[in-house]
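User: Could you walk me through this one? I'd like to go over a few spots in the backbone and then the ligand site.
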Amino acid sequence: MIRLRINGLEREVEIPHPMYRLLDVLREDIGLTGAKEGCGEGECGACAVLLNGVLVNSCLIPASQVDEADILTPEGLAETEAGKLLAKCFTECHGAQCGFCTPGMMMAAAELLFTNRKPTEVEIREALAGNICRCTGYDMIIDAVQLATERGANIW
Amino acid sequence: MVEVFKPTSLAEALRIRADKHAIPFAGGTDLMVRFRARDGMAPSFKSPILFVDALPEFNTIRMFNGGLKIGASLPLSILAGDRGAVNGGTGTGATSGVVPDAAVLATIPGVLKAAAAEVGAPALRNRATIGGNLANASPAGDSIAALYALSAEIILVSLSGERMIPIEKFILGPGEISLKEDEIIHTIHIPAPLPDWTYWRKVGTRRANALTKISLAAAASIKDGRVESCSFAFGAVGPRVIRVHEIESLLQSRFPVVQEAKLKEIIAEAKKFASSMITPIDDQRSTAKYRKTVALNLIGDAIASLVEELKLGD
Ligand SMILES: Cc1cc2nc3c(=O)[nH]c(=O)nc-3n(C[C@H](O)[C@H](O)[C@H](O)COP(=O)(O)OP(=O)(O)OC[C@H]3O[C@@H](n4cnc5c(N)ncnc54)[C@H](O)[C@@H]3O)c2cc1C
Ligand code: FES
Ligand code: FES
């Protein structure tokens, strides 16, 4: 049995195996499918969540290792002012096409803006470097984050 | 079902390591991939697991006699300067709530900082640790080349005590290290003096999450406009990192050099030494010829940068 605080709610989860992944806890046990499994090997960022406020790939984390941690998933982010703004900017800039990478992109963008309110384009590209998108060609995602930077001056 | 242990003290960790021969597990960025199971099964670990990320002393970085002592579980994001202070509760390094001292972070040699900053991408660096990178002993391990250039010493602990071993002796070959079944990497020691000049260049296929095709890590101590000591270490060109000691003695004996003609001569000589030392291989990432050409170009670039530094010091 492990305990996690997920999107502000205390959850207890019976894990079937000590090396059961955080990604599986979120998707299979809690039913939060915002974090996705793209590669399962740390390369694509589709499974990104914030662990104690820090961006991580949940496919590489055994849930038992992070017992008692605080997790923010894409669903939790979506409920916040910051998440709503990011969603709006991604829509306006056509930053999402098939949408598979979008939750991870938004988690990475949110972590960046929470720690750096006025990132340069280079800093944005660096912050999103671990998130792979096979649809947009990235520029529209960068535009979306730049727009969110401007519009969210009082949020970040 | 595999047993997992989450010790909160070093004594407890060492006892478990000795009794169970459990595998140390830090950020898991290598282990979770290595033991990845298919078809939605749990990762297929065979030996007991010992989480070493939560041990407080493994997450520290501090000055020591003019050098630096870096805890084995310090995440690369902290060495890279991705983040200074973080808040939080449990988990590895950056996610563990350890707040390193800004003054100490400012002393991290540029070569190590830059090497750490080019590992993977931000989310990976938040978990990937320096001890894990070292123990994984990949010839393409980026922090390893930097640690060779810094003549790092590795401090290993077990129930029977502590031993310190230079990095060249610690890394035995690809994936092979000098670590006994009851030992854990405790600290990475970068001895004084910390260098005045460093150089780092990694060549890969793309910016993020790219395996290194070749890297050059270098460092020098400068005194009165002369190179007092220096080191040049190539990563990913062979089964182990290669330090080209001939270049080091060449530079120590010949500097200061300011005239361009002299510089060209020295670079040519350095390239000759590198050329005989480095015998890269063809693999799916690159050809031997490409690697060698790049290695020699990097040497020229690094020496030119060192000369600039000497001029500035005049
Ligand atoms: C997508 C991706 C990209 C990557 N890119 C790069 C890159 O660009 N450059 C690079 O160098 N690496 C890269 N890596 C490899 C990896 O992230 C690093 O090697 C990382 O630093 C390993 O640290 P860890 O804490 O995650 O190790 P773990 O997976 O926890 O452990 C790795 C090994 O170290 C041992 N170990 C860990 N801690 C200790 C200890 N205290 N004592 C003894 N043994 C210990 C473990 O038993 C294991 O054998 C990449 C990996 C992925 C998945
Ligand atoms: S699924 Fe985790 S990084 Fe790709
Ligand atoms: S929108 Fe399809 S992968 Fe990014």
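User: Where is the place of Pro193(B)?
Analyst: This is a predicted model, and in it Pro193(B) is in the loop between β10 and β11 (197–203) of chain B.

User: And what kind of peptide bond joins Ala192(B) and Pro193(B)?
Analyst: The bond that joins Ala192(B) and Pro193(B) is cis, with omega at about -5 degrees. For context, most peptide bonds are trans, and most residues other than glycine have a negative phi.

User: Switching to the ligand. How many residues surround ligand 1, and which are the closest?
Analyst: There are 35 residues around ligand 1, and the closest are Pro24(B), Gly27(B), Thr29(B), Asp30(B) and Thr129(B). The site is shared between chains, because the residues that surround ligand 1 come from chains A and B.

User: How much of the accessible area of ligand 1 does the protein cover?
Analyst: The protein covers 93% of the 990 Å² of accessible area that ligand 1 has on its own. In chain B, the elements that each give two or more residues to the shell around ligand 1 are β2 (23–25), α2 (31–34), α7 (130–136) and β10 (184–190).

User: What classes of residue make up that shell?
Analyst: The shell around ligand 1 has 18 nonpolar residues, together with 10 polar and 7 charged ones.

User: And which pocket does ligand 1 take up?
Analyst: Ligand 1 takes the space of the largest pocket, which has a volume of about 1200 Å³. That pocket is lined by 47 residues, and those nearest its centre are Thr29(B), Asp30(B), Leu31(B), Gly132(B) and Asn136(B).

User: Which element gives the most to the lining of the largest pocket?
Analyst: That is α7(B), which gives 5 residues to the lining. By class, the lining of the largest pocket divides into 23 nonpolar, 16 polar and 8 charged residues.

Notes. Residues are numbered from 1 along each chain as its sequence is written. Chains are lettered from A and ligands numbered from 1 in the order in which they are written. This is a predicted model: local features need pLDDT of at least 70, side-chain atom pairs count only at pLDDT 80 or more; totals for chains, interfaces and linings use all residues. Side-chain values use heavy atoms; hydrogens and water are left out. A residue is near a molecule or strand if one of its heavy atoms lies within 4 Å of it. Accessible areas come from the Shrake-Rupley method with a 1.4 Å probe; for residues, only the protein chains shown count as cover. On a 1 Å grid over the protein atoms alone, a cavity is a set of points where a 1.4 Å probe fits but cannot get out, and a pocket is an open set with protein on both sides within 12 Å along at least five of seven lines; lining residues have an atom within 4 Å of a point. A molecule sits in a cavity or pocket if more than half of its atoms lie within 2 Å of its grid points. Helices (H or I, at least four residues) and strands (E, at least two) are DSSP runs, numbered from the N terminus. Ala, Val, Leu, Ile, Met, Phe, Trp, Tyr, Cys and Pro count as nonpolar, Asp, Glu, Lys and Arg as charged, and the others, Gly among them, as polar. Grid points are joined across faces, edges and corners, and a volume is the space filled by probe spheres set on the points.
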